[in-house]
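Take a walk through this model with the sequence at hand.

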Amino acid sequence: MPLANSTLYYGAIAKVFHWLTALLVLTLIPLGIYANWLPYETSEQLSQKAWLFSLHKTLGVTVFFVALGRIAWAISQPKPAHLHPDRKLETLAAATVHWLLYGSLIVVPLSGWIHHAATSGFAPIWWPLGQDLPLVPKSETLAGITAGLHIVFERVLALSIFLHLAGALKHHFVDRDATLRRMLPDMPDIAPPTPAKKSAAPAVVALGVWAAALATGSALGLYAKHDGSVQAAALEAVQSDWVVEEGMIEITVTQLGAPVTGQFADWTASISFDESVTEGAAGSVDVTIAIGSLTLGSVTGQALGADFFNAENFPTATYTGTLLRNADGYVAEGTLTIKDQSMPVSFPFDLEINDNLATVNASTAVDRRDYAIGAQSQPDESNVRFGVDIAIMLTARETTDDGAILGN
């Protein structure tokens, strides 16, 4: 069997690409459906689900590169002629399905890969080249869009495979021609068909199918931003001697050996501070956090669930502390309350004040077991480490007794 194509036959390389792609895709689709269906309420279930999703993602990246190779080879080779060019509608349908197949083999894994790179957490791709992509930011909006695109394109791919298979079986069992056998190892006898004129119609029809699929996905709301399933608590405004102008409260957990970082979008802070104090208590801080405003990559929903933050029943967390100055610098000594658990927590912090504008960077680590986070589903560190890092970065401007902001 020759390696290259001819005007009548597919060569060995094209056949290997065809059947390798078929094997990968027909493994990937049911694997993804099954992995998505599996629960993850216990440590063992999460391990199994993550393992299957990692396999799905790794095979998906493999399909992407195999598809690129297959397309490059197809472009460089003559395309064996349709055996029945006189059947105009059948030839158009077959060519359209081929356009849909080749395009879907690129956009399905690529959309899944971009989704993976845009979010963090859960199941890694098994390869040594990292989990990110150039020019792809960490963005829950982008993750939501590409997750929806992945679903839409996968449905187009599944439909294309069904039509392709149905057409091959029709040729083999109804027409009894050599269409299917041309992709098998043997080389059947074929009478040279009349060459058909090249047409852009199949590509145009395929583009129309993709456009309709994308519009359907939009109508179904599949491109929505990723977020938690819990409404964030509405926080009341607070009085503060120092008004926070910009700030971020960030947590980092370690899941399946990889750090997953998230932020709380909504929180308030009441801060008093006397920069003239050189030793001892220099002020106080009271922070209230809307737990439902957390975004934590692909595990946001799980993090807000009943066994973790339980945001429905405990919509806020609080930290109340005293700001101390000592020989080593500054530290906040106080109590962190999450759910119904309160524990003493210290926040060492760096402070710079220029023109009544304070810049603060604080960090600490807590043990999730102290707050019964994941107590039922993740009782050990096989999937989620006990330690959780907390980082706070903010700028705050001092106000006067009547609330006017200083330093503007």
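How many residues lie between E7 and E8 in their hairpin, and which residue in the turn has a positive phi? Two residues lie between the strands, and Lys339 in the turn has a positive phi of about 55°. Some ground rules come next. This is a predicted model, in which local features need pLDDT of at least 70 and side-chain atom pairs count only at pLDDT 80 or more, while totals for chains, interfaces and linings use all residues. Residues are numbered from 1 along each chain as its sequence is written, and side-chain values use heavy atoms, with hydrogens and water left out. Helices (H or I, at least four residues) and strands (E, at least two) are DSSP runs, numbered from the N terminus.

Start with strand E7, residues 329–338. Strands pair here if DSSP finds at least two bridges between them. On one side, E7 runs antiparallel to E6 (residues 316–326), joined by nine bridges. E6 and E7 also form a hairpin, with two residues between them. Nine bridges also join E7 to E8 (residues 341–354), again antiparallel. Leu336 stands opposite Met343 in E8. E7 is mostly covered, with eight of its 10 residues buried. Buried means under 20% relative accessible area, exposed means over 50%, and partly exposed is in between (1.4 Å probe, protein chains only).

Thr337 belongs to E7. Thr337 is the bridge partner of Thr318. Its contacts (heavy atoms within 4.5 Å) beyond four places in sequence are Ala317, Thr318 and Ser342. With Ser342 there is also a side-chain polar contact of 2.7 Å. A polar contact is a pair of N or O atoms within 3.5 Å; within protein, one must be able to donate a hydrogen and the other to accept it, and residues adjacent in sequence count only if both atoms are side-chain atoms.

Now the helices. How far apart are the end C-alpha atoms of H4, residues 140–175? They are 51 Å apart, which agrees with the 52 Å that its 36 residues should span at 1.5 Å a residue. The expected span is 1.5 Å times one less than the number of residues. Ser139 caps the N-terminal end of H4, with a side-chain oxygen 3.3 Å from the backbone nitrogen of Thr141. Just after H4, Arg176 takes a positive phi of about 55°.

Helix H5 (residues 201–219) holds Trp210. Trp210 counts as buried because its relative accessibility is 14%. Leaving out residues up to four places away in sequence, Trp210 touches Trp99, Leu100, Gly103, Ser104, Phe153 and Val156. Asp367 is 157 residues from Trp210 in sequence and 48 Å away in space, C-alpha to C-alpha.

Charged pairs come last. Side chains of opposite charge can pair when their charged atoms come close. A salt bridge is a side-chain nitrogen of Lys or Arg within 4 Å of a carboxyl oxygen of Asp or Glu. The whole structure has eight. In one of them, Asp367 meets Arg369 at 2.7 Å between the closest N and O atoms. Arg369 is partly exposed, at 49%. Arg155 and Glu154 meet at 2.2 Å, N to O. Arg155 counts as exposed at 52%, whereas Glu154 is buried at 13%. Salt bridges that share partners also join Arg87, Glu90, Lys170 and Asp175 into one network. Within it, the closest N and O atoms of Glu90 and Arg87 are 3.5 Å apart. Glu90 is partly exposed at 25%, and Arg87 is partly exposed at 29%.
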